[in-house]
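Trainee: I would like to learn how to read aromatic contacts in a model. Please start with the rule.

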Amino acid sequence: MSEGRFCGNCDGHNLYEYPMKMFCSKRYAKNKDPIVDTLGCCDDWEPVTQECYCVREALKQQKSKDSGRRD
Amino acid sequence: MRRDDYLQKPVKHIKISGALTVDQLMQQFRNSGSFGAGRLAKACDVYEKMVRDEECTVFLALSGAVVPAGMRAVIADLVRSRLVDVIVCTGATMVHDAIEALGGHHYKGSWVVDDEELFKYHIFRIYDIFVPEEDYVRIDYQLAEMYREIAAKRKGERLSSDEFAWELGKRLKDPNSILRAAYEAQVPIFIPAVRDSEFGFIHWLHASQENQKDVLVLDAFKEVPRICEICSKSPRNGMIVIGGGVPRNTVQSAAIASKTGMDYAVVVTMDRPETGGLSGSTLKETVSWGKVKGEADKVMVIGDALIVFPLIVASVVERLGSGFARVPYLRRLQADGGGSK
């Protein structure tokens, strides 16, 4: 996992709003707000069993947002 | 039979002269009376007889991805116009309905596609239809909240799948929703394999919440006497089957258990009988079980339900005309104090 640890590459991630928001069933079970940022992370992180584009696309979108701000 | 008996009805050739309505085309198919065209024309006749028979209860058994492919409004309209009295379906059928009712969509796609790439984009494929994962996840979240609300309201009562379907329909506002239409028209929707769908995993999510006081409980057996009672109280019963599987078996089993047997049957399927599976079993075979009466008006149409079923519906609706109003037999019975539901 080259990108590091994020909600978007945690094994429990479910897509809520591609690519920036995830639904976390672990947080839902704990009665916490289950909608999390793809680029967030927590101690319950587990490596994803099959890779997807969520983190890559979220990082790309984040980067373009940041560069947009600088402009 | 004598030789002449075999040669009574010459094939009349299909004639397309100018613009034809759907029913006019079906009449041409009936004139041919051959192959799929003949079966399709007969299916229209059998369905028309079912709905014109004032003592017949019409069952619609649904399996396969009929909603993603675009038949949702057709079915909801049949429910609203009382041209079906009972729906029996897979859990997935109503999950797909709920996805659209809660703002999700199914998208036109292709079967020639990189499925590994679809996985990476969290897009699911149903042959040439695409559905984004977030549409499932959003209904997981929203329906899990509905489950809690239903459980709290029903105070630990064990619900049958048809009660569950009405509870969902009550909470969905989309007028094109089958669940909503069935709730408004008080048409039962039985979902015998309810857990074999997203509904099951939503229950897991719902029940996983810490300190969850109100866990929804469904009772798989509670609906058995309910559907059998519908069959046994109806002087005649008819079924339209799209696909087969559990929904077809549930309707047919209710017909056996209530010792009635179907009086009318239309099955639309692509499955074959040689494997011994129920979905491809012929209506002749069902007679051996008593599921369908030997003398029943019955036909099996081998074809894509997305093509066949809308043609049947369009033809029959055209024949019935805009002034046709049907009050289901069981509704009249109930009004007379003879029904239990």
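Mentor: Rings of Phe, Tyr and Trp (its six-membered ring) pair if their centres lie within 6.5 Å; planes under 30 degrees apart count as stacked, over 60 as edge-to-face and the rest as tilted. This is a predicted model, where local features need pLDDT of at least 70 and side-chain atom pairs count only at pLDDT 80 or more, while totals for chains, interfaces and linings use all residues. Side-chain values use heavy atoms, without hydrogens and water.

Trainee: How many aromatic pairs are there over all chains?

Mentor: The count comes to 10. In one of them, A:Tyr16 and B:Tyr141 are edge-to-face, at 6.3 Å centre to centre with 70° between the planes. A:Tyr16 lies in strand E1 of chain A and B:Tyr141 in helix H6 of chain B, so this pair joins two chains. Helices (H or I, at least four residues) and strands (E, at least two) are DSSP runs, numbered from the N terminus.

Trainee: Is B:Tyr141 buried or partly exposed?

Mentor: Buried means under 20% relative accessible area, exposed over 50%, partly exposed in between (1.4 Å probe, protein chains only). B:Tyr141 is partly exposed at 21%, whereas A:Tyr16 is buried at 18%.

Trainee: Which aromatic cluster does B:Tyr141 form part of?

Mentor: The cluster consists of A:Tyr16, A:Phe23, A:Tyr28 and B:Tyr141. A:Tyr28 is buried, at 2%.

Trainee: Which charged end sits over the ring of A:Tyr16?

Mentor: A charge sits over a ring if NZ of Lys or CZ of Arg is within 6 Å of the ring centre and within 35 degrees of the ring normal. Here B:Arg138 places its charged end over A:Tyr16, 4.9 Å from the ring centre.

Definitions and conventions:
Residues numbered from 1 in each chain as written. Chains lettered and ligands numbered in written order.
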